[in-house]
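Please look at the sequence and the structure shown below. The report after them is written for a reader who is new to protein structure.

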Amino acid sequence: MAKLQKSQQRSVFVEPVYSSAVALLIVLLACVELGDAVTVVDVYRLVQYDLGGVPLGSRLAALNHHAGSSLFSSSAGVVADLSRTVLILPVRELNLTFIREYIGESKPLGGLLLLLPPIFSPEHTDSGGGVDDDSAKDLLKQVLVEVERLLIHANIPYPVYFGFEDEHVNAMLADIKKNDASGQPATATTGGYKLVIAAPQPRKIASPTIVNIQGWLPGLKADGDSNQLPTIAIVASYDTFGAAPALSVGSDSNGSGVVALLEIARLFSILYSNPKTRGRYNLLFLLTSGGPYNYNGTQKWLHSVDQRLRETIDYAICLNSIGSSSNELWLHVSKPPDNAYIKQMFEDFSSVSEELGLKVGLKHKKINISNSRVAWEHEQFSRVRVTAATLSELSVAPEFLESTGGLSDNRNFVNEASISRSVKLVAESLARQIYGQQGKNIEIFADDSSLSVNPSYIRSWLEFLSTTPRVAPFLAKNDPLIMALKKELADHTVEVNVQQEPLDGMFTFYDSTSGKLHIYQVASVTFDLLLLLLLGSYLITLFSFLVIITRGLDDLISLFRRPTSRKVKTP
């Protein structure tokens, strides 16, 4: 009988504890649910680098602050204190003047997230991308160019990331704008959205390398001819630079030049595979790295190549940004236009361009040997007294680290037909020089022939390069991109050599180029206090209930009764 009473008492005690534990677990799960990320999105960090020891770009990677949508306080119209706020700004709504002033004056900011329209994503395939008008696309592109120019030349002491608009991000931004407009920006007191990127402190990239890839098609010597055959070099720089290294695909600068070089190599490999159609010129195909950094790879190749080979080069054609829909191209030269090779080159290009409905202009700019700045790739050849020219859609030389494959340079802004025409322009001009057909209306690479330009080949390589970031310091020596380019040249030339060199020491780059942004919707402090009060009340009630059923009401009251004082008897 005593055992039965003890069992019943134990059951009476355990059941409330069990039910209370379940209730407490449910409350805790609810709290955990409130702490789950609303969404997780891919973001891409602003480049961090040092130039001659001067720190530039975004100097931090980790992020953990509430989100805001405006530089200004809604109540006073003045610049708000954003030192603990991640500012979210869609590029299509940017006020460049205020952004320029804010960054230029080094005002504090917890972080900056710039939202790009989907059309600027390397993975984007729909030609619309939320922007229906061509003029609107061009305007957005120009804004992005200005933003990129501002960011890469500034020392920014907080994390800066790029992301893409989507339905989740747009919904979050709408909520944030609504709260900001009502005068309740997100803080620890009011709650709101919190943005978190867990990232270690960025580290320097040790000993970055640049890789040049050289292919060779030997010409045909006449019987008994002991003289070296002349050489024509076709050159293109394949690497890129931009505000976000993980997004720098450079479809035009200089993916278009790389694609054109590969197609020209393919066409001439067909001609040179037959001794009857092999020309009396050697053809050198050179893919260089370090283009954004004063064509550092071209310089190193020119100083390391056998001097006897270098002396056989009649001239070099450098291909740079030839993928726009414009019908006008420019031949940039450093030597005077009356130079025999320059004159002949321009005449050949002009003659073929008229047949293709193109216009080729000539731009002459002397180089300053004492100036380390190299605006065009052909200038590196000119510095070692090799005649060279650059064919480009750009009429003037870009500024340092600009027009090198940045955020606005992707597949949606490149015209395949323009690349095909540029390929035919260069190939026909070279062929007439090689086979002595100058001034004759002969089409060697005629459409629908076995030697016609292949649009499918151009498209496949353009799509590959347009989804492959190519910032040289972040490419391994055996990167799949480099291996793919090497293999393709090997398929069309008889000799392929790879040259690996250290990047110019004045540049230092840092890792951590992308990350995962966790977006949390957090409650206010008021909610936390109410939750704490609720839990405290619940625990007190539970404690009181357990004491009553186990000890009785008198014991519960005695716990809160003031103890009686005891008098100490003195002897």
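The sections below treat a pocket, the strands, the aromatic rings and some backbone details.

## The largest pocket

This is a predicted model. Its largest pocket holds about 890 Å³ of space. In general, empty space of this kind is found by rolling a probe the size of a water molecule over the atoms. The lining of the largest pocket is made of 36 residues. Lys141, Val145, Leu394, Ser403 and Ser408 are the lining residues that lie nearest the centre of the pocket.

Which helix gives the most to this lining? Helix 3 does, with 8 residues. Helix 3 (134–152) and helix 5 (251–272) each supply at least two residues of the lining. Sorted by class, the lining has 15 polar, 11 nonpolar and 10 charged residues.

Strands of a sheet pair through backbone hydrogen bonds, in either a parallel or an antiparallel sense. Strand 4 (residues 63–68) pairs with strand 5 in the parallel sense, over 3 bridges. In this pairing, alanine 67 stands opposite valine 86 of strand 5. Strand 5 is also joined to strand 6 (residues 111–116) by 5 bridges, and these two strands run parallel. Leucine 89 has leucine 114 of strand 6 as its bridge partner.

Strand 2 (residues 48–51) and strand 3 (residues 54–58) run antiparallel and are joined by 4 bridges. One of the residues involved is leucine 51, whose bridge partner in strand 3 is valine 54.

## Aromatic pairs

The structure holds 15 aromatic pairs. One of them is formed by tyrosine 293 and phenylalanine 509: their ring centres are 5.8 Å apart and their planes stand at 65°, so the pair is edge-to-face. The cut-off behind this step is that planes over 60 degrees apart count as edge-to-face. Tyrosine 293 lies in the loop between strand 12 (282–288) and helix 6 (296–304), while phenylalanine 509 lies in strand 18 (residues 507–509), so this pair ties together parts that are 216 residues apart in sequence. Both tyrosine 293 and phenylalanine 509 are buried.

Phenylalanine 509 also forms an edge-to-face pair with phenylalanine 474, at 6.1 Å centre to centre and with 80° between the planes. Phenylalanine 474 is in the loop between helix 11 (455–465) and helix 12 (480–492), and phenylalanine 509 is in strand 18, so the pair links parts that are 35 residues apart in sequence. Phenylalanine 509 is buried, with a relative accessible area of 1%. Ring pairs link Tyr49, Phe241, Tyr293, Phe400, Phe474, Phe507 and Phe509 into a cluster.

## Charged side chains over rings

Two further contacts involve a ring and a charged residue. Arginine 59 lies over the face of tyrosine 510, at 5.2 Å from the ring centre. Lysine 363 lies over the face of tryptophan 330, at 4.8 Å from the ring centre.

## Backbone details

A cis peptide bond joins serine 253 and asparagine 254, with omega about 5°. Asparagine 254 is part of helix 5.

Asparagine 294 is not a glycine, yet its phi is positive, at about 60°. Asparagine 294 is found in the loop between strand 12 and helix 6, and it is buried, with a relative accessible area of 12%. Serine 321 likewise has a positive phi, near 55°, in a residue other than glycine. The loop between strand 13 (313–320) and strand 14 (328–333) holds serine 321. Serine 321 counts as buried because its relative accessibility is 0%.

Terms used: Residues are numbered from 1 along each chain as its sequence is written. This is a predicted model: local features need pLDDT of at least 70, side-chain atom pairs count only at pLDDT 80 or more; totals for chains, interfaces and linings use all residues. Side-chain values use heavy atoms; hydrogens and water are left out. On a 1 Å grid over the protein atoms alone, a cavity is a set of points where a 1.4 Å probe fits but cannot get out, and a pocket is an open set with protein on both sides within 12 Å along at least five of seven lines; lining residues have an atom within 4 Å of a point. Grid points are joined across faces, edges and corners, and a volume is the space filled by probe spheres set on the points. Ala, Val, Leu, Ile, Met, Phe, Trp, Tyr, Cys and Pro count as nonpolar, Asp, Glu, Lys and Arg as charged, and the others, Gly among them, as polar. Rings of Phe, Tyr and Trp (its six-membered ring) pair if their centres lie within 6.5 Å; planes under 30 degrees apart count as stacked, over 60 as edge-to-face and the rest as tilted. Buried means under 20% relative accessible area, exposed over 50%, partly exposed in between (1.4 Å probe, protein chains only). A charge sits over a ring if NZ of Lys or CZ of Arg is within 6 Å of the ring centre and within 35 degrees of the ring normal. Two strands pair if DSSP finds at least two bridges between them.
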